Amino acid sequence: MNTETTDSGYARLSCRISVRIKHQAEEAAALLGQSIAAFTESALAEKAQAVLERHERIILSDRDFARFVAYIDNPEPPTEALKAAMADYRRQF
């Protein structure tokens, strides 16, 4: 894949795709009254946003969320190892 940036705030993206996907994209763009460039840009933006959102969020079940809140509200006492680590930290800083 090759990208080239222009001064207009747009970049050129060059990649090879299967003939089948190209024909589907052209047909879908025509149905929406869009150019293939506009259709490709919007489809790429939607997919990129979905992937980024999926990787930026942690999704918990109701049960796991309840357990998380319970641990926050009622934390377990620190272990001896944690107490030792905090003591080491305090000595260093």
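Which residues lie nearest the centre of the largest pocket? They are Leu13, Ala37, Thr40, Glu41 and Leu44, among the 23 residues that line this pocket. A pocket is an open set of points on a 1 Å grid over the protein atoms alone, where a 1.4 Å probe fits, with protein on both sides within 12 Å along at least five of seven lines. Lining residues have an atom within 4 Å of a point. The largest pocket has a volume of about 890 Å³. Here a volume is the space filled by probe spheres set on the points, and grid points are joined across faces, edges and corners.

The structure is a predicted model, in which local features need pLDDT of at least 70 and side-chain atom pairs count only at pLDDT 80 or more, while totals for chains, interfaces and linings use all residues. Residues are numbered from 1 along each chain as its sequence is written, and side-chain values use heavy atoms, with hydrogens and water left out.

The pLDDT is the predictor's confidence in each residue, from 0 to 100. Its mean over the protein chain is 92. A value of 70 or more is reached by 92% of the residues. Confidence is highest in α1, at a mean of 97, and lowest in strand β1 (residues 2-5), at 62. Where pLDDT is low, the predicted coordinates should not be read in detail.

Helices (H or I, at least four residues) and strands (E, at least two) are DSSP runs, numbered from the N terminus. Three such elements, β2 (11-14), α1 and α2 (36-56), each supply at least two residues of the lining of the largest pocket. Helix α2 gives the most, with nine residues.

Five salt bridges were counted. A salt bridge is a side-chain nitrogen of Lys or Arg within 4 Å of a carboxyl oxygen of Asp or Glu. Side chains of opposite charge can pair when their charged atoms come close. One of the bridges joins Lys22 to Glu26, with the closest N and O atoms 2.6 Å apart. Both residues belong to helix α1 (residues 19-32), and because they are four residues apart, about one helical turn separates them. Accessibility was classed as buried (under 20% relative accessible area), exposed (over 50%) or partly exposed (in between), with a 1.4 Å probe and protein chains only. Lys22 is partly exposed, at 41%. Glu26 is also partly exposed, with a value of 30%.

A salt bridge also links Glu80 and Lys83, at 3.5 Å from N to O. The two lie three residues apart in helix α4 (residues 80-92), about one turn of the helix. Glu80 is exposed, at 59%, whereas Lys83 is partly exposed, at 42%. Another bridge pairs Glu53 with Arg57, where the closest N and O atoms are 3.8 Å apart. Glu53 is partly exposed, with a relative accessible area of 33%.

A nonpolar surface patch is formed by Ile58, Leu60, Phe65, Phe68 and Ile72. Patches are made of residues with over 30% relative accessible area and no salt bridge; like charges are joined within 9 Å, and nonpolar side chains (Val, Leu, Ile, Met, Phe, Trp, Tyr) within 5 Å. Together the five residues have about 560 Å² of accessible area, by the Shrake-Rupley method. Ile72 sits in helix α3 (residues 62-73) and is exposed, at 56%.

Ala70 is also placed in helix α3. It is partly exposed, at 37%. Its C-alpha atom is 42 Å from that of Ser42, 28 residues away along the chain. Asn74 is found in the loop between α3 and α4 and is exposed, at 57%. Asn74 and Ser35 are 39 residues apart in sequence, and their C-alpha atoms are 57 Å apart in space.

Definitions and conventions
Areas by Shrake-Rupley, 256 points an atom, 1.4 Å probe, with all protein chains shown as cover.
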